[in-house]
Amino acid sequence: MLGDWPPFRPLSEIGEADHGKEVAVAGWLEDVRDLGGIAFLILRQREGTLQVTVKSDQSAEVRALTGVSRESVVALRGTVQANEKVRNGFEIIPEAYEVLSEAAKPLPLGVVDKVGAAMDTRLDNRFLDLRKEEVRAVFHLKSHVGSALREYMTSKGFVETHTPKVISAGAEGGATLFRVDYFEKPAYLAQSPQLYKQILMATGLDRIYELAPAFRAELSDTVRHIAEFLSFDAEMAYIRSQEEVLQVLEGAVAYTLAFLQDHASEQLALLNLDLAVPDVPVPRVTYQRAREVLAGEGIEVPDGEDLDTGAEKALGEAMAREGHDLFFVVEYPSAIKPFYIMVKDDDPEFSHSFDLEYRGDEMASGGQREHRVDRIETRMRRQGLDPGDFEFYLKAFRYGMPPHGGWGFGLDRFVWKVAGLGNVREAILFPRDRGRLIP
RNA sequence: GCCCCGAUAGUGUAGCGGCCGAUCAUUCAGGCCUGUCGAGCCUGGGACUCGGGUUCAAAUCCCGGUCGGGGCGCCA
């Protein structure tokens, strides 16, 4: 139907050279402002809007454009006319148009209406929600975060890997696994690439990272939990201590924040965000030191217990007052960490483990891994796991496994914090939670 | 899983025993308007989550269901 039309011109490529000439454009009809003898139509493309002006002296066919429903996709041909009164500096006087896809009425969610919408309504109609520039900006940021992490990790000699997401055993026990049918055998969606990352440490492909979904069937209804999330994982071998892992991770985060300033200034401005790039190294706060800081805030954390949500927030606030919105908590009690975390030789109550905190929430956790198979098996048994279920994993430790460490970093959570959103779901195109599988 | 809160036109809300024949905005329909850009103005249409109960009377109070929001635990 448009076979004889010239190619559609994007808004950003229409310039002074086009003034007085005919162009073809297409987009969503955002708004029609009909003043009677003159009507202004706002056509929206991915990069912005342009104005189409229809006057009463134009043909009835062209004037019918003002009757097309909002958010319909229309194509039109017309003359670019310079006009200082228009924000873009030009308007288009249409000569012909076609409705390529008519929008039904009324819209289930207004794109430019001056009323709000509940998150549920927005997610139910995500395709319309995403027509809003500020909603899309979050995903531009997210894309840039991925680019920055890939760039940084590559520069540090890491290889991007892709481990399976359908697996036979989980890293953290069974309660949070999604079960699936795998050719009539039970299988699970991967809650973490943990075991596979570690197997790779025995291969020489031993400085790796991955950006991939992880699945957790946690019964958590919070603004920071989601059943399917994007995890930025890394694992590195031949380390002498956890410190080498921390340096890569803090470097990656600092690099990413700087990258956003350089490459996403438009989105940062649109979302009114002011990002600070932290100086590295960022503070390493030991678990015991964190307890002392919290005691000073009037919060008692029983020795050996994990920091609860309130304690974590309070610690974040205390650190923020000292100018640190990014910091590590290190050396957690061994008892609250998974079997693969290395216990400190000189102080077995504590472990070579860490969390990365950003703006009051946990972004990552990691540590040095236990690479001695007998110790892993002992820890597994203590945690009620059967080493027999993990033989595919343990086998990689029986024939030469270098010392190694790594982390898992929640990419959606990071974007959630960076973009200053109220709910991590807003940082995910089509979030999956306990109550939502559609769309 | 536990706790708290909520559910009113397409959307976002006000009302919280009789004044509700339900408010306002937006949207939708129709009309006026030749420089709008959150266009303006006029007219009109459109809703009390479901099931029980209390009461002379229920959008409003009670019980249960469903759905949603937030918090906790846990975590990325």
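Apart from neighbours within four places in sequence, S353 of this predicted model is in contact with Q242, V329, V330, E331, Y332, K337, I341, G366 and G367. This serine belongs to strand 14, which covers residues 353–358. Because its relative accessibility is 0%, below the 20% limit, S353 counts as buried.

**The chain as a whole**

Chain A contains 12 helices and 16 strands. Its C-alpha atoms fill a box of roughly 90 × 55 × 40 Å along the principal axes. Of its 439 residues, 51% count as buried. Among the contacts in chain A with a separation of 6 or more, 65% are accounted for by residues 24 or more positions apart.

The domain assignment of chain A gives domain 1 as residues 2–101 and domain 2 as residues 127–427. The C-alpha centres of domain 1 and domain 2 lie 49 Å apart.

**The nonpolar core**

The largest nonpolar core has 52 residues, and the members that touch the most others are M153, L249, W407, F409 and F414. Leaving aside residues within four places in sequence, F414 is in contact with V145, V253, T256, L257, Y358, M363 and F409.

**The surroundings of RNA strand B**

In the model, 54 residues surround RNA strand B, and the closest are R33, K105, K114, R224 and R413. By class, this surface has 22 charged, 17 nonpolar and 15 polar residues. On the RNA side, 53% of the atoms within 4 Å of the protein belong to sugar or phosphate, while the rest belong to bases.

| Residue | Protein atom | Atom of RNA strand B | Distance |
|---|---|---|---|
| D34 | backbone N or O | base nitrogen | 3.1 Å |
| R87 | side-chain N or O | phosphate oxygen | 2.8 Å |
| A118 | backbone N or O | phosphate oxygen | 2.9 Å |

The elements that give two or more residues to the surface near RNA strand B are strand 1 (22–34), strand 2 (38–45), strand 3 (48–55), helix 2 (119–124), helix 9 (309–321) and strand 15 (361–369). Strand 15 gives the most, with 4 residues.

**A loop position: A202**

A202 lies in the loop between helix 5 (194–200) and strand 10 (207–215). Is A202 buried or partly exposed? With a relative accessibility of 33%, which falls between the limits of 20% and 50%, A202 counts as partly exposed. Not counting residues up to four places away in sequence, A202 touches A396, G400, M401 and P402. The C-alpha atoms of A202 and P403 are 9.5 Å apart in space, although the two residues are 201 residues apart in sequence.

**Summary of the two positions**

S353, at 0% relative accessibility, counts as buried, whereas A202, at 33%, counts as partly exposed. S353 is found in strand 14, while A202 lies in a loop.

Key: Residues are numbered from 1 along each chain as its sequence is written. Chains are lettered from A and ligands numbered from 1 in the order in which they are written. This is a predicted model: local features need pLDDT of at least 70, side-chain atom pairs count only at pLDDT 80 or more; totals for chains, interfaces and linings use all residues. Side-chain values use heavy atoms; hydrogens and water are left out. A residue is near a molecule or strand if one of its heavy atoms lies within 4 Å of it. A polar contact is a pair of N or O atoms within 3.5 Å; within protein, one must be able to donate a hydrogen and the other to accept it, and residues adjacent in sequence count only if both atoms are side-chain atoms. Ala, Val, Leu, Ile, Met, Phe, Trp, Tyr, Cys and Pro count as nonpolar, Asp, Glu, Lys and Arg as charged, and the others, Gly among them, as polar. Buried means under 20% relative accessible area, exposed over 50%, partly exposed in between (1.4 Å probe, protein chains only). Contact means heavy atoms within 4.5 Å. Domain bounds come from an automatic or database domain assignment. A nonpolar core is a set of buried Ala, Val, Leu, Ile, Met, Phe, Trp, Tyr and Cys residues joined through side-chain atoms within 4.5 Å.
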